[in-house]
Amino acid sequence: MIKGTTKLLGVIGHPIEHSLSPVMHNAALSHLGLDIVYLAFPVKPEDLNVAISGFAAVGLLGFSITIPHKQGILPLLSEVSPVAIAVGAVNTVYRTANGWGGTNTDVRGFLAPLRSLSLKTGTKQDWSQKVAVILGSGGAARAVVAGCAELGCAEIHVVGRSEQKLTEFQQNWVNSPLAVNLLTHTWEELPMLISKADLLVNATPIGMYPRGDESPVALSAIERLPEGAIAYDLIYTPNPTLFLKQAQERGAIAIDGLEMLVQQGAAALEIWLQQPIPVDVMRQSLRHHLGL
Ligand code: NAP
């Protein structure tokens, strides 16, 4: 029940109505019996400054950030974590003694299913000889590159459609504290890259609902994926995507975007609440909401 004492968390974006974050966060908050609710706030870019000043004034405990504010929030924060600096984007904002602090939990979210894969197989995966191929060079691709660098991948290849954007993308990693062995490519080079990919990540929206009949990778190219490679799609609807279905038919291990979504949210909640988070409750609430 919402009372005079109820505290607030939230997510800002524009648009924001589609966000699944309120579903999973409120499920966790209610499971923990906390007097806190999590709401979605539509905030236009030109209103960002006044919105976060207002959030401080009314005592928000913290908030998540989604498109288009992940970069725009940076100059408005009094502290930014090293991982958010490396990625160049913030998705989680928390209170500090001097104002708002920001971090990025997408990297942790991206890595969680890869790490649990090692646990399931009972073998600690050695990534030092592995080749990662990432499709897309937008915001999510930056978190994926940081994740692959943290794993220690031997080579990280990023595929994009604009040479200029790819050059800028590569430039952004030049002074990064992470050791990133990054090469960028246009889509024509993809079939050649796929043949040596140990991890192939879709960080584009191609194949996302309602265009579930599309895949970022042609069937003739996916056939080149080495058996046992990991195909990872950041998209969570449909589930699985055509890309994952075709990769799985080729013998790949498939990972969908749902677990990343859950784990980045759980990591944010842990920062705000400073207590263990019921990740299963968050996962189940999302699966139920999506009809999975
Ligand atoms: P973004 O910043 O808009 O980047 C999208 C990237 O995809 C850009 O590089 C874009 O190229 C490329 N792209 C888009 N349409 C394309 C097409 N038709 N052909 C080739 N390239 C295309 O978006 P984002 O935030 O990185 O998100 C990317 C995907 O990841 C989305 O589907 C999103 O839902 C998903 N995601 C999932 C999670 C999760 O927790 N599971 C988290 C974040 C994102 P240009 O730059 O040339 O336009």
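Figure 1. At S137, a polar backbone atom is 2.8 Å from an oxygen atom of the ligand. A nitrogen atom of the ligand has a backbone N or O atom of G257 at 2.9 Å. The ligand has 20 residues around it, of which S137, A140, R161, L234 and G257 come nearest; a residue is counted if one of its heavy atoms lies within 4 Å of the molecule. Residues are numbered from 1 along each chain as its sequence is written, and side-chain values use heavy atoms, with hydrogens and water left out. The model being predicted, local features need pLDDT of at least 70 and side-chain atom pairs count only at pLDDT 80 or more, while totals for chains, interfaces and linings use all residues.

**Figure 2. Helix α1 (residues 21-31) against helix α10 (residues 258-273).** The two axes come within 10 Å and cross at roughly 50 degrees. Axes are lines fitted to C-alpha atoms, for helices over the stretch in contact, and angles run from 0 to 180 degrees between N-to-C directions. Helices (H or I, at least four residues) and strands (E, at least two) are DSSP runs, numbered from the N terminus. The angle makes α1 oblique to α10; under 35 degrees counts as roughly parallel, over 145 as roughly antiparallel, 65 to 115 as roughly perpendicular and the rest as oblique. M24, H25, A28 and L29 of α1 make the contact with L261, V262, Q264, G265, L269, W272 and L273 of α10, contact meaning heavy atoms within 4.5 Å. Eight of the contact residues are nonpolar, three polar and none charged. Ala, Val, Leu, Ile, Met, Phe, Trp, Tyr, Cys and Pro count as nonpolar, Asp, Glu, Lys and Arg as charged, and the others, Gly among them, as polar.

**Figure 3. Helix α10 against helix α11 (residues 279-290).** These helices pack at an angle of about 135 degrees, with their axes 10 Å apart. At that angle α10 is oblique to α11. From α10, the residues L258, E259, L261, V262, Q263, G265, A266 and L269 meet V279, M282, R283, L286, R287 and L290 of α11. This contact divides into nine nonpolar, two polar and three charged residues. Q274 lies in the loop between α10 and α11. Phi of Q274 is near 55 degrees, a positive value in a residue other than glycine. Most residues other than glycine have a negative phi.

**Figure 4. Helix α1 against helix α11.** The axes of α1 and α11 come within 8 Å and cross at roughly 135 degrees. The pair is therefore oblique. V23, M24, H25, A27, A28 and H31 of α1 form the contact with V281, M282, S285, L286 and H289 of α11. Seven of these residues are nonpolar, four polar and none charged.

**Figure 5. Cis peptide bonds at P15 and P210.** The peptide bond from H14 to P15 is cis, with omega near 5 degrees. P15 sits in the loop between β1 (7-13) and α1. The bond from Y209 to P210 is also cis, with omega near 5 degrees, and P210 is found in the loop between β10 (199-202) and α8 (219-222). Most peptide bonds are trans.

How values were computed: Polar contact = N/O pair within 3.5 Å; in protein donor to acceptor, adjacent residues only side chain to side chain.
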